[in-house]
Number of protein chains: 2
Amino acid sequence: MKLLEERIRRDGVIKKGNVLKVDSFINHQMDIPLFNEMGKEFKRLFADAKVDKILTIEASGIGIACVVAQYFDCPVVFAKKAQSINLDGEMYTTKIESFTHKRVYDVIVSKKFLHPGDHVLIIDDFLANGCAVNGLIELIENAGAIVEGVGIAVEKGFQIGGKLIRDRGIHLESLAIVESMDDETGTIVFREQ
Amino acid sequence: MKLLEERIRRDGVIKKGNVLKVDSFINHQMDIPLFNEMGKEFKRLFADAKVDKILTIEASGIGIACVVAQYFDCPVVFAKKAQSINLDGEMYTTKIESFTHKRVYDVIVSKKFLHPGDHVLIIDDFLANGCAVNGLIELIENAGAIVEGVGIAVEKGFQIGGKLIRDRGIHLESLAIVESMDDETGTIVFREQ
């Protein structure tokens with residue numbers, strides 16, 4: 001998606017250690033018209049998918065997922081990190097390792113909101129090693145629901161997550177795939193799609 | 001907002017200890033068309049407000065804020081709980097006590113995204129004792145920005161938060177205000193607005 005690639009070139013900040021900061025338009029301040037363009041593009045890319053529900057994970061996936069859901073006419077469910085006392089009843093659980101925060105989270109979804117046979121589209125802002133997406137896939141499979149696809153805003157193509165998901169035959173679409181980046185020159189190379 | 005009151009009556013669940021669960025349509029599974037109706041209503045209620053930016057707090061405020069922002073043509077910034085290593089640079093910080101999770105959070109917003117003179121509308125899903133909203137107001141004031149108003153989906157009118165904010169002269173609009181509820185009979189009384 002050229003619009004997103006151009007935005008990353010313009011407003012993304014490359015830091016040492018292959019860190020790409022997109023906090024001015026994706027995951028701290030959020031550009032809603034951009035999210036709408038992402039929604040249109042995901043709808044085009046998943047035009048043939050049956051989508052009953054979008055699943056994302058708190059916190060930075062929620063904004064994109066809610067705006068994108070308008071193009072799929074479906075509700076959004078977000079997986080929660082760590083147990084909340086207001087989340088009673090039975091729930092699906094998994095563990096997700098966050099490299100950003102250097103810790104392991106328990107991640108939960110209420111059984112009320114994922115049902116056997118549901119067709120679920122996963123939406124998230126970032127894909128790197130794939131821990132978050134793999135956790136969401138596990139929650140969906142635990143529910144007996146169907147992973148209809150995975151839609152990601154920014155994939156770090158030089159990390160393993162994308163390959164692992166595609167190798168499983170899951171329909172993964174990333175709107176921008178970073179092949180490489182250089183914090184000294186500020187250059188960034190995107191995969192041709 | 002009648003639509004929201006009716007939805008709370010139909011799908012809200014009253015639990016012991018004055019807990020109102022709206023997790024099937026607001027804060028775990030999210031009903032996006034409902035959020036759009038909330039956006040239209042907030043735009044009507046804050047028609048005269050100058051809004052440069054919407055501020056919310058992770059996680060459950062983000063979805064509503066992003067959908068509502070479409071009616072104000074502005075970006076959304078969400079305050080983050082606890083420090084992330086990817087959030088470098090200077091930031092505004094405050095502490096917020098969560099009664100739901102029985103703990104105190106450090107809450108931060110990057111100085112890049114709140115500027116002196118910004119007119120900011122706060123959006124959140126719930127208002128009870130007002131700790132979260134008061135923390136967001138403090139962040140805005142620390143930035144030298146202007147609190148243009150506070151828009152809440154569900155206010156617990158029998159708790160002190162709403163009164164404290166209104167007494168400060170801040171323009172607060174809650175789309176549904178629960179006056180009282182009874183977990184034994186399942187009845188809920190809304191404030192006339």
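## Close-up views of the predicted model

**View 1. Around F46(B).** Setting aside residues up to four places away in sequence, F46(B) touches V51(B), L121(B), G149(B), G151(B) and E173(B); here a contact means that the C-beta atoms of two residues, placed from the backbone, lie within 7 Å. This is a predicted model, in which local features need pLDDT of at least 70 and side-chain atom pairs count only at pLDDT 80 or more, while totals for chains, interfaces and linings use all residues. Residues are numbered from 1 along each chain as its sequence is written, and chains are lettered from A and ligands numbered from 1 in the order in which they are written. F46(B) sits in the loop between α2 and β4 (53–57) of chain B; helices (H or I, at least four residues) and strands (E, at least two) are DSSP runs, numbered from the N terminus. Is F46(B) buried or exposed? F46(B) counts as buried because it has 20 C-beta neighbours inside 10 Å. The cut-offs, with C-beta atoms placed from the backbone, are 20 or more other C-beta atoms within 10 Å of a residue's own for buried, 12 or fewer for exposed, and partly exposed in between. A176(B) is 130 residues away from F46(B) in sequence and 16 Å away in space, C-alpha to C-alpha.

**View 2. β8 and β9 of chain B.** Strand β9 (residues 146–156) of chain B is mostly covered, with 10 of its 11 residues buried. Eight bridges tie strand β8 (residues 119–127) of chain B to β9(B), and the two run parallel; strands pair if DSSP finds at least two bridges between them. To find your place along this pair, look for I123(B), whose bridge partner in β9(B) is G151(B). G151(B) also turns up among the residues that F46(B) touches.

**View 3. Where chain B meets chain A.** 30 residues of chain B are in contact with 30 residues of chain A. On the chain B side, the elements giving two or more residues are β2 (19–21), β3 (29–30), α2 (32–45), α3 (60–69) and β5 (76–81). Which element gives the most? That's α3(B), with five residues. By type, the chain B side splits into 15 nonpolar, 10 polar and five charged residues, where Ala, Val, Leu, Ile, Met, Phe, Trp, Tyr, Cys and Pro count as nonpolar, Asp, Glu, Lys and Arg as charged, and the others, Gly among them, as polar.

View 4. Strand β3 (residues 29–30) of chain A is joined to β5(B) by two bridges, and the two run antiparallel. M30(A) stands opposite V76(B) in this pairing. D31(A) lies in the loop between β3 and α2 (32–45) of chain A, and, leaving aside neighbours within four places in sequence, D31(A) is in contact with F25(A) and P75(B). D31(A) is partly exposed, because 19 other C-beta atoms lie within 10 Å.

View 5. Helix α3 (residues 60–69) of chain A has 10 of its 10 residues buried, so it is largely enclosed by the rest of the structure. Leaving out residues up to four places away in sequence, V68(A) touches F35(A), M38(A), G39(A), F42(A), I54(A) and I123(A).

View 6. A cis peptide bond joins E58(A) and A59(A), with omega about -5 degrees; A59(A) lies in the loop between β4 (53–57) and α3 of chain A. In chain B, the peptide bond from E58(B) to A59(B) is cis too, with omega near -5 degrees. D73(A) isn't a glycine, yet has a positive phi of about 50 degrees. D73(A) is exposed, as 9 other C-beta atoms lie within 10 Å. N18(B), also not a glycine, has a positive phi of about 60 degrees and sits in the loop between β1 (13–15) and β2 of chain B.
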